[in-house]
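Q: I would like to learn how to read a few features of a protein model. Could you walk me through them?

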Amino acid sequence: RVISIGRLEPQKGFDMLIDAWKILYSKHNDWCLDIYGDGGLHDTLESQIKNLGLSDSCKIHSATNDISSKYLESSIYAMSSLYEGFGLVLIEAMSFGIPCVSFNCPYGPSDIISDNKDGILVEPNNVLLLADSINYLIENEDKRFEYGRQAKINVQKFSSENIMPKWDKLFKSLAN
């Protein structure tokens with residue numbers, strides 16, 4: 001199972017993720033893509049899924065308060081955003097040991113994902129490469145597990161134990 005989470009708005013590029021899923025579905029119709037979120041593109045994305053014949057393998061779900069259980073049911077996180085402020089959802093997924101495949105969009109993913117170590121960064125807007133990268137993790141279970149294991153380790157650099165001393169140092173330097 002591949003999971004993606006976010007507002008159903010143009011910035012998140014879910015239309016491209018669904019297009020990538022169409023490519024993957026022909027090879028891996030035993031896998032599914034679950035998108036969690038609410039927003040203005042809900043009906044448009046649902047129509048896209050139906051028109052591409054993906055209704056059995058690609059679902060849009062409303063936002064949930066129990067996202068932890070959804071991560072635990074997933075093998076890969078996919079992010080198709082056109083831009084991000086800072087991809088907290090990537091950190092969240094990685095903390096569950098889920099390798100991420102993400103467009104290397106401005107501001108965020110490359111600060112979080114170590115390419116080909118705990119996830120895969122993809123040229124922005126390249127639907128074919130997004131599909132190929134997800135396919136690589138589907139077909140290479142050993143890499144998927146290794147990237148997931150490494151993700152869980154690497155994401156610790158964003159833990160409060162590591163971040164709070166840096167904030168403390170910054171505030172003290174500004175106060176002086």
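A: Gladly! Let's begin with a term: a residue counts as buried when its relative accessible area is under 20%. Keep in mind that this is a predicted model.

Q: Thanks! Which residues of strand 5 are buried on one side, and which on the other?

A: Cys-100 and Ser-102 are buried on one side of strand 5 (residues 100-103), while Val-101 and Phe-103 are buried on the other.

Q: In which sense does strand 5 pair with strand 4, and over how many bridges?

A: The two strands pair in the parallel sense, over three bridges. Within this pairing, Tyr-77 has Cys-100 of strand 5 as its bridge partner.

Q: What about strand 5 and strand 6: in which sense do they pair?

A: That pairing is parallel too, with four bridges linking strand 5 to strand 6 (residues 119-122). Here Cys-100 has Gly-119 in strand 6 as its bridge partner.

Q: What kind of unit do strand 4, helix 4 and strand 5 make?

A: Together they form a β-α-β unit, and the unit is right-handed.

Q: Now for a loop residue. Where does Ser-81 lie?

A: Ser-81 sits in the loop between strand 4 (76-79) and helix 4 (88-95).

Q: Is Ser-81 buried or exposed?

A: Ser-81 is buried, because its relative accessible area is 2%, and the cut-off is under 20%.

Q: Which residues does Ser-81 touch, leaving out those up to four places away in sequence?

A: Ser-81 touches Gln-11, Lys-12, Phe-103 and Cys-105.

Notes. Residues numbered from 1 in each chain as written. Predicted model: local features only at pLDDT ≥ 70, side-chain atom pairs only at ≥ 80, totals over all residues. Heavy atoms only, no water. Buried < 20%, exposed > 50% of the residue type's maximum accessible area, 1.4 Å probe, protein only. Contact = heavy atoms within 4.5 Å. Pairing = 2+ DSSP bridges. Right-handed = clockwise from strand over helix to strand, strands pointing away.
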